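Welcome! Take a look at it first, and then read on.

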Amino acid sequence: MAITRYWRSRWWAETLKPKAQQIAAHPRAEGFVFFLELAGITLFPIPVALILVALVTAAPRKWFRFALSASVGSIIGSIILYLIGSLFFQSIGEKLIHLYGASEKWMSLTDKFDGHFGITFILVAGMTTGFMRIACIAAGFSGLNPILFIMLLAISRSVRFVAECGSIKYVGDRVQTFPKHYYKYGVIGVGVLVLVTLAILTFIN
């Protein structure tokens with residue numbers, strides 16, 4: 001973990017931040033965000049939050065397009081994980097669970113999809129990255145309705161990235177001086193409150 005944090009901070013300071021304006025101005029910048037989030041949600045950790053800070057700060061007029069690209073990439077990646085959990089669990093799913101370091105928590109996670117709690121679980125997990133990976137596999141493995149799953153994904157991931165990119169645009173250059181972990185968990189906290197409200201309304205209706 002220390003190596004990962006070092007790589008992220010060094011990469012941010014030496015590579016991404018100085019070139020953010022050039023990357024954001026590229027006509028395929030949104031595709032860049034899409035593929036990074038797709039890879040980050042399915043394979044290995046990529047600091048997409050830091051990338052969005054740099055890109056939205058460099059090109060604030062593109063904030064919604066960056067949010068949309070990240071949301072779509074995340075949703076497609078999550079659907080892939082759902083299909084792995086549903087159709088290819090023994091051949092691929094178990095290996096991914098081990099890769100994500102969630103082997104000990106697997107059984108307790110699948111139990112959460114009994115009854116209606118799976119809906120709230122996906123909504124809340126959708127505000128995270130690491131937790132979302134294992135939740136998608138568990139949803140597929142447990143047979144959560146695929147249409148419902150995609151709807152929950154669309155809500156949670158869109159809320160997260162729209163809130164994140166919108167906040168960056170609103171704050172502007174000052175966001176680069178904020179402690180990054182406080183900013184990240186602040187956005188997640190607001191998003192969780194919104195999603196819990198949506199979940200309550202869902203149960204009431």
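Glutamate 37 and arginine 157 are both buried, and the two form a salt bridge in this predicted model. Their closest N and O atoms are 3.3 Å apart. The pair links distant parts of the chain, since glutamate 37 sits in helix H2 and arginine 157 in helix H9 (residues 146–171), 120 residues apart.

**The other salt bridges**

- Arginine 65 has a relative accessibility of 42%, so it counts as partly exposed.
- Glutamate 30, with a relative accessible area of 13%, is buried, because buried means under 20%.
- Arginine 160 and glutamate 164 also meet through their side chains in a salt bridge, at 3.4 Å from N to O.
- Both arginine 160 and glutamate 164 lie in helix H9, four residues apart, which is about one turn of the helix.
- Arginine 160 is buried, and glutamate 164 is buried too.

- You will find leucine 52 in helix H3, which covers residues 48–58.
- Leucine 52 has a relative accessible area of 0%, so it is buried.
- Setting aside neighbours within four places in sequence, leucine 52 is in contact with Val33, Thr57, Phe66, Phe161, Glu164, Cys165 and Ile168.
- One of these contacts, Glu164, is the glutamate that forms a salt bridge with arginine 160.
- Valine 33 is 19 residues from leucine 52 in sequence, and their C-alpha atoms are 8.0 Å apart in space.

**Where helices H4 and H5 pack**

- Helix H4 (residues 63–87) packs with helix H5 (residues 89–100) at an angle of about 125°, and their axes are 7 Å apart.
- H4 and H5 are therefore oblique to each other.
- The crossing in which H4 passes H5 is left-handed.
- On the H4 side, the contact is made by Leu81, Ile84, Gly85 and Leu87, while H5 brings Phe89, Ile92, Gly93, Leu96 and Tyr100.
- Seven of the residues in this contact are nonpolar and two are polar, with no charged ones.

Definitions and conventions:
Residues numbered from 1 in each chain as written. Predicted model: local features only at pLDDT ≥ 70, side-chain atom pairs only at ≥ 80, totals over all residues. Heavy atoms only, no water. Helix = DSSP H or I, 4+ residues; strand = E, 2+ residues; numbered from the N terminus. Buried < 20%, exposed > 50% of the residue type's maximum accessible area, 1.4 Å probe, protein only. Contact = heavy atoms within 4.5 Å. Axes fitted to C-alpha atoms, helices over the stretch in contact; angles between N-to-C directions. Parallel < 35°, antiparallel > 145°, perpendicular 65-115°, else oblique. Left-handed = near helix turned anticlockwise from the far one by under 90°. Nonpolar A, V, L, I, M, F, W, Y, C, P; charged D, E, K, R; others polar. Salt bridge = Lys/Arg side-chain N within 4 Å of Asp/Glu carboxyl O.
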